[in-house]
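Subject: Structure for you to look at

Hello,

Here is the structure I said I would pass on. Please open it next to this email and follow along.

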Amino acid sequence: MKERIFKKDPKLVYIGRNLPGKDELVGENDDLALVLFFSRSGAKFYVDSRCFIPRSGDVAAINYDLDVSVDIGDLPESSLTCMVVENARLYGDSSLFGGGVRLCASGDYRGITEAALRQLMRETSVKLPAGESLIETLLSTVMTLLVRIMPVTLRPHKSSKVFYAAKEYLDNNYLSDETFVEVCKKLNIDRFYLTHVFKQEIGIPPVKYVIGKRMRQARELLETTELDINMIARSCGYVDPAYFCRVFKNTQGQTALAYRADFKQRMKELRLEEEKTGGEKEERDISVAIEPDKNY
C-alpha cells in the first residue's frame with residue numbers, strides 16, 4: 001500500500017521569485033505553508049521579528065499565518081524561490097513547519113529540489129501540453145522531498161488530535177463572541193494545554209490564530225465593500241468597533257480606513273497603468289497600419 005504522507009493533497013497557491021502579499025493569495029488557505037529555497041548565501045528572513053540567516057542550498061518551511069519578510073540584499077532575484085502551498089498538514093503529525101518555522105540544509109537533495117522548483121515555476125508561467133498534470137507531479141515531488149529534508153515524523157500522537165478538534169471548532173466559530181475560556185470549557189480542554197498544543201503545531205496561540213482569521217475577513221470586506229467600520233467590526237466578530245480598530249492597527253500596521261484608502265489607491269494606479277499600456281499598444285498598432293509600404 002502506498003505510504004500516506006499528507007492528510008490532503010497539497011495544492012500550489014503561488015510560486016515565484018518574490019514573497020507574495022497575503023491579500024494576493026487565493027484559495028481556502030487551509031494549513032498554508034510558505035517554502036523558501038535559497039540558492040546562494042547572504043540573504044536574511046524574518047518571522048515574527050526573529051531573524052534567520054540561511055546558507056546556500058537551505059530550505060525554510062514557515063507557517064504563513066505568521067509575519068514573514070525576506071531580504072536578499074544585493075543578491076540576484078534568482079537566488080530566492082518562494083512557494084505557497086495549501087494542505088501542508090502531514091498525516092498524523094504536525095505541519096511541515098512544526099512550531100512555526102523550520103530551516104534545514106537540502107544536502108544530497110539540493111539538485112533535485114532546485115530542478116523541480118525551477119521546472120514548477122516554468123510550468124506555471126507558460127501553458128504547455130499536460131501542464132496541469134506535470135504541475136501536480138512536480139509539486140508532489142517537492143513536498144515529498146521536503147519531508148525527507150525536514151526533521152519530521154509521520155507517527156500520530158495525542159496532541160495532534162487535540163489540535164485538529166480545536167482548530168476545526170475555531171474555523172467554524174471564529175466569529176462567535178465566545179471567550180477563549182468558554183471555548184476551552186466547551187471542548188473540555190485545559191486552556192494552557194491548548195495554547196501549548198497550538199504553539200507546538202503552528203507556532204502561534206489559538207487566540208492569535210482566531211485574530212488572524214478575523215483580520216483576513218476584515219481586509220476582504222475593506223477591499224470589496226463600502227461597509228462602514230462599525231458594520232465591518234460586527235461582521236468580523238467584534239461588538240466594540242473601537243476595540244476592532246485597535247486590533248486591526250496593531251496587527252496590520254495601519255488603521256482600517258488607511259488600509260481601505262491604500263487599497264483603492266493601488267487599484268487606481270493599476271488601472272491607470274493598464275490603460276496606459278493598452279493605449280500605447282493601440283498607438284503602435286495604428287502606426288503599423290498606416291506606415292507606407294517601403295517596397296511600393
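Below is what was found in it, taken part by part.

The model is predicted, so local features need pLDDT of at least 70 and side-chain atom pairs count only at pLDDT 80 or more, while totals for chains, interfaces and linings use all residues. Residues are numbered from 1 along each chain as its sequence is written, and side-chain values use heavy atoms, with hydrogens and water left out.

Five strands make an open sheet in the order 1-7-2-5-8, with antiparallel pairing. Strand 1 and strand 8 are at the edges with a single partner strand each, so one side of each has no neighbour in the sheet. From one strand to the next the twist averages 15°. Strands here are DSSP runs (E, at least two residues), as helices are (H or I, at least four), numbered from the N terminus. Two strands pair if DSSP finds at least two bridges between them. Strand 5 and strand 8 run antiparallel and are joined by five bridges, with Ile62 opposite Val101 in strand 8.

Helix 1 packs on this sheet and touches strand 1, strand 2 and strand 7; its direction makes about 90° with that of strand 1. Axes are lines fitted to C-alpha atoms, for helices over the stretch in contact, and angles run from 0 to 180 degrees between N-to-C directions.

Helix 2 covers residues 131-149, which is 19 residues. From its first C-alpha to its last it reaches 27 Å, close to the 27 Å expected at 1.5 Å a residue (the expected span is 1.5 Å times one less than the number of residues). Its buried residues include Ile135, Leu138, Leu139 and Val142; buried means under 20% relative accessible area, exposed over 50%, and partly exposed in between, with a 1.4 Å probe and protein chains only. Among the elements that cover the buried residues of helix 2 are helix 1 (110-125), strand 7 (80-86) and strand 8 (101-105).

The axes of helix 1 and helix 2 come within 9 Å and cross at roughly 150°. The two helices are therefore roughly antiparallel to each other (the cut-off for this is over 145 degrees).

Leaving aside neighbours within four places in sequence, Val142 is in contact (heavy atoms within 4.5 Å) with Met83, Ala116 and Leu117. The C-alpha atoms of Val142 and Leu117 are 7.1 Å apart, although 25 residues separate the two along the chain.

Strand 3 and strand 4 form a hairpin with two residues between them, and Asp48 in the turn has a positive phi of about 50°.

A loop residue

Ser39 lies in the loop between strand 2 and strand 3. Is Ser39 buried or exposed? Ser39 is buried, at 15% relative accessible area. Beyond neighbours within four places in sequence, Ser39 has contacts that include Ser56, Ser78, Arg110 and Glu114.

Regards

Note on methods
Angles under 35 degrees count as roughly parallel, over 145 as roughly antiparallel, 65 to 115 as roughly perpendicular and the rest as oblique.
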